[in-house]
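Dear colleague,

Please read them with the coordinates open.

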Amino acid sequence: MPVRLAYLALLLTVYSQVVTGATDGGWSAPDPGLLRDVTFDAKESGERQAWGRSQHAGENSYRFHFESGVLRIERIGPEPWGQVKHRLDAEPLVGRTLEFSAELSGNFSESEQRQISKTGLSVRVLGYKAGIPRIAGKSILVIAHGVPAIRPNCFGWTPQSVRFDVPEGATDIEVSIRLGIHGTLSVRGPRLVVIEPVGDVAKE
C-alpha cells in the first residue's frame with residue numbers, strides 16, 4: 001500500500017507540473033520587465049490588448065493559443081508568416097541598450113528549407129531620422145532579429161535574445177514573435193529589460 005500511495009503521489013506531482021507549466025526542473029516565468037502583459041489573451045473587459053495578432057495577408061492561416069504560461073502559434077494555412085507584436089513608447093529609453101528575450105521550442109516541417117520571414121524574436125525601432133523633415137513621417141531606425149537563428153527542424157526549449165540600442169529620434173519600439181515555417185512555435189517567458197553598459201550591443 002505505501003508503494004502504491006507513493007506512486008499515486010508521483011503521478012499527481014507530474015500532472016500538477018503539466019497543468020501549471022512548471023516543467024523542465026520547476027521552470028517559472030521571469031519578470032517581464034518593460035512588457036505590459038505576457039498572457040497574450042484578449043481582454044474580456046474590452047481593454048486594448050497589449051499584444052496584437054497579425055499575419056502576412058489573405059485567409060486565416062494561423063492559430064494562436066495561450067495556456068499554462070505558453071503561447072503557441074500554429075500555421076494552418078498558406079500565408080508565409082503570422083506573429084504577435086507589442087508596441088512601447090521609445091522616447092524615455094533613448095540612449096539605452098535593451099534586450100528582448102524568451103524561450104522557444106519548435107515542431108516544424110523538416111521538408112521546408114526556405115523562410116520568407118525569420119522565425120523567432122525580432123525588434124523594430126521607429127522614429128524620425130536626423131536631417132529629414134518630420135512631415136516625411138517615421139522611418140525604421142533599427143531592425144534586429146533574435147539569436148541563435150531558428151532553423152526548419154524540431155527542437156526543445158531554447159533561449160533566444162536580441163540586443164539593440166534606442167537611437168536619437170526614436171518614438172516607438174515594436175517587439176514581435178513570428179512564425180515563418182510550417183508547424184508550431186511555442187514561446188514562454190518573454191521579457192524586455194534595460195542592459196548596461198549603454199551601447200554594448202552584440203552584432204549578429
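**Strand pairing in the two sheets**

Thr97 stands opposite Ile195 in S10. In this predicted model, local features need pLDDT of at least 70 and side-chain atom pairs count only at pLDDT 80 or more, while totals for chains, interfaces and linings use all residues. Residues are numbered from 1 along each chain as its sequence is written, and side-chain values use heavy atoms, with hydrogens and water left out.

The pair Thr97 and Ile195 belongs to strand S5 (residues 97-108) and strand S10 (residues 183-195), which run antiparallel and are joined by eleven bridges. Strands here are DSSP runs (E, at least two residues), numbered from the N terminus, and two of them pair if DSSP finds at least two bridges between them.

S5 and S10 lie in an open sheet of five strands, ordered S2-S3-S10-S5-S8, with antiparallel pairing. Strand S2 (62-67) and strand S8 (155-165) each have a single partner strand and stand at the edges, so one side of each is left without a neighbour in the sheet. Neighbouring strands of this sheet are turned by 25 degrees against each other on average, direction ignored; the axes are lines fitted to C-alpha atoms, and angles run from 0 to 180 degrees between N-to-C directions.

Gly82 is the bridge partner of Gln55, and the partner of Gly82 in S9 is Leu179.

Best regards

Key
Helices (H or I, at least four residues) and strands (E, at least two) are DSSP runs, numbered from the N terminus.
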